[in-house]
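Try each task before reading its solution.

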Amino acid sequence: MKNDVIFVIDMKAFYASVECVERGLNPLTTKLVVTDTTRKESTIVLSVSHALKMMGVPSRCRRKDLPNIDGMIFAIPQMEKYVKKSAEIVSIFLDFVGQDDLHIYSIDESFLNVGPYLKLYKCTPHELALKILSTIQDKTGLIATCGIGPNMFLAKVADDVDAKTSKDFIAEWSYDDVKTKLWPLRPINKMWGVSDGYTKKLNALGIYSVGDLATFDKELLIDEFGILGEELYEHANGRDEANIREKYIPLNKGLSIGQVLMRDFSKSETPLIIKEMCDELTIRLRKINMNCNAVHLGIGYSSTVDGGFFHQCQLLTPTSVNSELYKSLMYLFNTYCENKPIRRVSISYTNLTDKGVQQLSLFNEYESLDDEEEMYKTLDKVMEKYGKNSISRTSALSSSSTIKERHNQIGGHRK
Amino acid sequence: MSDRGMKKWLPFAALVEQNVYLEQMIYEKNKIPKPQVSVEQGRKIDRILKEHSYNELKFRIYLDGYLYTFVGKIEQIDLNKHKIYFKDFFVPIKDIIDIEDPEPFEDIC
């Protein structure tokens, strides 16, 4: 902990840069946006290249909000390529540090603890950062920024605030910089961990910059915000006790899946969508070898009528069999759904328990359930080996089915 | 200090698929080249297969970049296909790296 040197390495306009490199264009000077042009114009813009950001294009917006700029290139998202590229970049990090000293924060952002490796490479943190960034550029053509700090928080803020504007895209902060670089930050939501909601609450307390927060009364902050208040105070003073080697693995509390439909669905068409999503989610449930005790169903009506509902129901016995789960979801659907056009569907499984031990019920026929589960497990294996579209329900051929399309997507965008 | 520790740096896991590709990449990256089997080692394997093929033996094999150890009883040795058959799988003879000697050689002197 004492000798930690943390790098935050962040890819510049990741998706847009990948598209530029693929077209043989310079990712820094090309005007390119990644957005699905086959969808309606209210679809989201996934990524905006560096040159456009410099011209004031917001990095998160919808296609209809884009300003009219000459020579702007529209790229259709290829999610699979981006995820593979991301894995390739992580592979480069693993050439420099061990797996224990790496923390993957998002698809284009990772934390590295290089402290223990500086002696090995015989160089300063800055030199090592240059080496890693140039390796990434040589191997993938992509440009990355790097924040260097004595702990994860300072490294992250250095990357967010300074790295993008410094000349070699590297910003190095130490504890001595807290007063000169961290404290002047304002508005306060420029600091990592402060949301817009917190900004309002903090402003009400008379806190407008990080310096105000750092010198504020700690006890008052704890009274106001609880544990998070203390955390904010420590962060504002440049302290962060997180140890990158203590991997925090969250318990599997629940699984969820949701989709926004491409058009309004009637009440009679929707059960098919629920069935397909139920299949999809149950595969994930079986993969982590858990049973589910409660299901939730959320329905959002079309914007013409607005509203919707979110209800849950408990299962009598924990299960991971598609038909049982579908039955409970349909119970919820039939009980609560009104005859209105439907636009959003989400389902989730919660109260997950380990398979193996369970209370048996007098009312279930376990033999047929076991057989059914065996069948689904076999289907899972086929799908894993030959792709998800290799086997599907006949209903996937009907016009209201979305499953085939969804299998060609990652995170709701085109694969 | 009651810090949340690494909990606050939990990734926002919007892409379930990211982990699939990461696992694949790490699997590929941790592969090792196939170890060389020396002439003596080869002779030892040959001798054990000749003398003890009816016993339960402990094998060390190389498969797709990784080394595995298992105990099994040989069902059949196919010299034409260069494969050793076990109850429900087979191993090409060239992938066997080592077999534990059931009767370790004792120094006579």
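Before starting, a definition: two strands count as paired if DSSP finds at least two bridges between them. Keep in mind that this model is predicted.

**Exercise 1. Work out the strand order of the open four-stranded sheet in chain A, and find its edges.**

Solution. 
- Step 1: Check one pairing. Strand 3 (residues 44-48) and strand 4 of chain A run antiparallel and are joined by two bridges.
- Step 2: Find a facing pair: A:Val45 is opposite A:Cys61, which belongs to strand 4 of chain A.

**Exercise 2. Find the strands that helix 1 (residues 14-22) of chain A lies across.**

Solution. 
- Step 1: Helix 1 of chain A lies across strand 2 (32-35), strand 3 and strand 5 of that chain.
- Step 2: Its direction is at about 115° to strand 2 of chain A.

**Exercise 3. Locate the largest nonpolar core and explain its position.**

Solution. 
- Step 1: This core has 46 residues, and A:Phe7, A:Phe14 and A:Leu112 are among those with the most contacts inside it.
- Step 2: Of the contributing elements, helix 3 of chain A gives the largest share, ten residues.
- Step 3: Domain 1 (6-11 + 83-178) and domain 2 (14-79) of chain A both supply residues, so the core lies between them.
- Step 4: Zoom in on A:Leu112, whose contacts include A:Phe7, A:Phe93 and A:Ile132.

Note on methods: Residues are numbered from 1 along each chain as its sequence is written. Chains are lettered from A and ligands numbered from 1 in the order in which they are written. This is a predicted model: local features need pLDDT of at least 70, side-chain atom pairs count only at pLDDT 80 or more; totals for chains, interfaces and linings use all residues. Side-chain values use heavy atoms; hydrogens and water are left out. Contact means heavy atoms within 4.5 Å. Axes are lines fitted to C-alpha atoms, for helices over the stretch in contact, and angles run from 0 to 180 degrees between N-to-C directions. A nonpolar core is a set of buried Ala, Val, Leu, Ile, Met, Phe, Trp, Tyr and Cys residues joined through side-chain atoms within 4.5 Å. Buried means under 20% relative accessible area, exposed over 50%, partly exposed in between (1.4 Å probe, protein chains only). Domain bounds come from an automatic or database domain assignment. Lists of a residue's contacts leave out its neighbours within four places in sequence.
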